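Colleague: I am new to this one, and I would like to learn how to read the inside of a protein. Could you walk me through it?

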Amino acid sequence: MPSVPVVTPPTVAIAGSAERFPVRRIFCVGQNYAEHAREMGSDPDRAPPFFFAKPADAVVASGTTLVFPSRTEDLHHEVELVVALGGGGRDIPVEDAAATIFGWTVGLDLTRRDLQAAAKTAGRPWDMAKGFDASAPIGALRPGMPPTSGAITLDIDGQRRQAGDLSDMIWSVAEIIATLSTYVALAPGDLIFTGTPAGVGPIRRGETVTGAIAGGAAVAVSFAG
Ligand code: MN
């Protein structure tokens, strides 16, 4: 028999700690800010949130220089509040959701927008548009409860491209956890990307992308030229 491979889970840095957070799964929420829903051609009513996923090893540490992704000529940035779970469960009541949270940070839901548009038109899955290698750059986790208001921004080479406020989220973090837990049993190590404000747009080779949330969370990655 060939030797069995040794596989270790991807991890994320924890601010102020030498320990690292093991990533089990990455879930993402679509269109959770009204202005972004409109720019994507949707009506931002309070239809229940919808979800997609990325592989756990899509996480990339802040400060990394990335090879520009293959199979796209329209790589888009989406800056998002990310919540990391230290607990879990099924059918979690909204009022119990906070108890499952380990911490939070800011992340980038990198998207091959051209492939996503083609998938939408054909009624096919989004996986190759959203779940590719290194598609989830993420800052160091801040232990504790995520802020419910405050600026969330994204700059490319120092120029502001996205700006929103966490208070503009259509679905709160607690509501997202509660709803997601009706689809899957949530568990320690799960990350949830909670949606992006308006202003999504293309990233080009050679550019540096910086995401931030007021309170100190930050993520920055550069793309090779
Ligand atoms: Mn997103």
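Modeller: Gladly! Keep in mind that this is a predicted model. Let us begin with the largest nonpolar core, which has 39 residues; Leu108, Leu110, Ile177, Ile213 and Phe223 touch the most other members.

Colleague: Which elements give two or more residues to this core?

Modeller: Strand 3, strand 8 (79-85), strand 9 (101-108) and strand 13 (151-156) do, along with helix 4 (173-180), strand 17 (208-213) and strand 18 (217-223).

Colleague: What does Leu108 touch, leaving out residues up to four places away in sequence?

Modeller: The contacts of Leu108 include Val79, Leu154, Phe193, Val209, Val219 and Val221. Glu78, Ser135 and Gly211 are also among them.

Colleague: And what about a second core?

Modeller: There is a separate one of 17 residues, and Ile26, Phe52, Val59 and Ala136 are among its members. Ala136 is also one of the residues that Leu108 touches.

Colleague: Which residues lie nearest the centre of the largest cavity?

Modeller: Of the 16 lining residues, those are Gly30, Gln31, His36, Glu78 and Lys130. Strand 3 (25-30), strand 4 (50-54) and helix 2 (113-122) each give two or more residues to the lining, and helix 2 gives the most, with three.

Colleague: How is that lining made up by class?

Modeller: Six of the lining residues are charged, five are polar and five are nonpolar.

Conventions:
Residues numbered from 1 in each chain as written. Predicted model: local features only at pLDDT ≥ 70, side-chain atom pairs only at ≥ 80, totals over all residues. Heavy atoms only, no water. 1 Å grid on protein atoms, 1.4 Å probe; cavity = no way out; pocket = protein on both sides within 12 Å on 5 of 7 lines; lining within 4 Å. Helix = DSSP H or I, 4+ residues; strand = E, 2+ residues; numbered from the N terminus. Nonpolar A, V, L, I, M, F, W, Y, C, P; charged D, E, K, R; others polar. Core = buried A, V, L, I, M, F, W, Y, C linked by side-chain atoms within 4.5 Å. Buried < 20%, exposed > 50% of the residue type's maximum accessible area, 1.4 Å probe, protein only. Contact = heavy atoms within 4.5 Å.
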